Amino acid sequence: MMHRILPRAFSSNTARLSRTATASKSTLSQTVQDNDPPLPKMPPFDYAPSPYTGPSAEEILAKRCEFLNPAIFHFFKNPLCLVEGKMQYLFDEKGRRYLDAFGGIATVGCGHSHPEVVDAIVNQTKRLQHSTILYLNPAIADFAEALASKFPGDLKVVFFTNSGTEANELALMMARLYTGCHDVISIRNGYHGNAAGTMGATAQGSYKFNVVQTGVHHALNPDQYRGVFGSDGLKYAKDVDEIVTYGTSGRVAAFISEAIQGVGGIMELAPGYLPAVYNTIRNVGGLCIADEVQSGFARTGSHFWGFEAHGVVPDMVTMAKGIGNGIPLGAVITTPEIAKVLTYRSYFNTFGGNPVCTAAGHAVLRVIEKEELQQNALTVGSYLKQRLNSLKDKYEIIGDVRGRGMMLGIELVTDRLLKTPAKDETLYVMEQMKDMGVLIGKGGFFGNVFRITPPLCFTKEDADFLVDVMDYSLSKM
Ligand SMILES: Cc1ncc(COP(=O)(O)O)c(C=O)c1O
């Protein structure tokens, strides 16, 4: 039976999208009735967090409000205080366990505090924490070699940064220097960072400030759910031809895109789009940049990099998040020929490629391989997607289930035909799921897409628990 959207314990105007992402007033205890089925049970996990002796959640929140920039926002009406993590689980200050299906925003791939990554960090920190690239050290060289071995073609030389924004800034600058052009094309609804160049490439109004952002054109989003051409990638690709024709001198510096838009709501670009666009861009002298900040490092399961599913080989690839399992690290890989442009002046990054972060990155590659995390992302991710699709058959509010591996999105709509974003309901379900011990993310231009990007060690039992909890929450609306 298909459930209609009937918010029972929820009124849509109680849960406006606010800076604090506050959800409805309904807590789980307010919605559970005597004759309800028992709540789903979290899979057992043989680990006890250490006793927490720090300040209370209320004290931490008060300090945040007083001493941190008010732009720093949080999920949930009562923000969650997380003090320990182990693999796919997180613990709050009271020792309560949560299943982490967001992975610190698609970042924790190997699992929280994975022992091998922690050992690499601790051992390197004890030996030498910082030296800069002005001196030789094996950590950066060994990791660069291992990372380069994961790429096709002539993608061979790496520059390490501290974040995804920095990696994309550098890639855009290198493309501009290499081509001698300024114009860049990115896709609407994409997210690439928030510094001078990357804010220009980011094409979601809510992440754009009214500051100078020059030289970026935003192409039609090849959005398979809401886009005007459905899944016909070639039709969307024509828009890039038109941007070149009408909006540029006829030459461009670069095209940058994610393979699966992460912040934009786990939207996989329509098939056929990237090969056609890469062709157009190369014909006008531009470089193709793949932003793998979210979709890289085996997350998609079918491939190690998101772009591989589209049958293209970029000229530059940018990475961050999953590269370090949570340690601040980013990177740009490109060909030796393109990389040379950085030698024309001095380019330096104090922490980029520091021994501790690169030792962690190297450990991440070893763990992904040893624990066959890509295969697990594929097997468990496909199973999870299939179970989420069965929820779609049951609940009309689920308009779309999409993504691949452990990068999945569920879009909620109040009307399947009109695709009206169910923003308040999204917050409500997130809050209820948190109360039942499952953390998921949200995104999409309208804030109505659940983002499921767990650590890649997520198990089939975790997937069942997540879906059972989501099912329970949806049944309460
Ligand atoms: C696809 C993508 N690119 C770039 C970035 C920016 O990375 P960072 O927040 O590390 O600067 C993000 C962050 O969410 C991202 O999702």
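This is a predicted model: local features need pLDDT of at least 70, side-chain atom pairs count only at pLDDT 80 or more; totals for chains, interfaces and linings use all residues.
In which sense do strand E7 and strand E10 pair, and over how many bridges? Strand E7 (residues 254–257) and strand E10 (residues 287–291) pair in the parallel sense over four bridges, where two strands count as paired if DSSP finds at least two bridges between them, and where strands (E, at least two residues) and helices (H or I, at least four residues) are DSSP runs numbered from the N terminus. Within this pairing, Ala 254 stands opposite Leu 287 in E10.

Residues are numbered from 1 along each chain as its sequence is written.

**The two sheets**

E7 and E10 belong to an open sheet of seven strands with mixed pairing, in the order E4-E12-E11-E10-E7-E5-E6. Strand E4 (157–161) and strand E6 (216–219) stand at the edges with a single partner strand each, so one side of each is left without a neighbour in the sheet. Neighbouring strands of this sheet are turned by 20° against each other on average, direction ignored; axes here are lines fitted to C-alpha atoms, for helices over the stretch in contact, and angles run from 0 to 180 degrees between N-to-C directions.

In the hairpin of E1 and E2, which has two residues between the strands, Met 87 takes a positive phi near 55°. Across the pair, Leu 82 stands opposite Asp 92 in E2, and Glu 84 stands opposite Phe 91 in E2.

| Strand pair | Sense | Bridges |
|---|---|---|
| E5 (residues 184–187) and E6 | parallel | four bridges |
| E1 and E2 (residues 89–92) | antiparallel | four bridges |

**Helix packing**

Helix H5 (residues 138–148) packs with helix H11 (residues 355–370) at an angle of about 35°, the axes being 8 Å apart. Among the residues that meet are Ala 139, Ile 140 and Phe 143 in H5, and Pro 355, Thr 358 and Leu 365 in H11, contact being taken as C-beta atoms, placed from the backbone, within 7 Å. By class, this contact has eight nonpolar, three polar and one charged residues. H5 also lies across E4 and strand E12 (330–334), running at about 120° to E4.

**The ligand shell**

The ligand is surrounded by 14 residues, the closest being Ser 163, Gly 164, Thr 165, Gly 193 and Val 293, with a residue counted as near if its C-beta atom, placed from the backbone, lies within 6 Å. Helix H6 (residues 164–179) gives the largest share of this shell, three residues.

Conventions
Two residues are in contact if their C-beta atoms, placed from the backbone, lie within 7 Å. Ala, Val, Leu, Ile, Met, Phe, Trp, Tyr, Cys and Pro count as nonpolar, Asp, Glu, Lys and Arg as charged, and the others, Gly among them, as polar.
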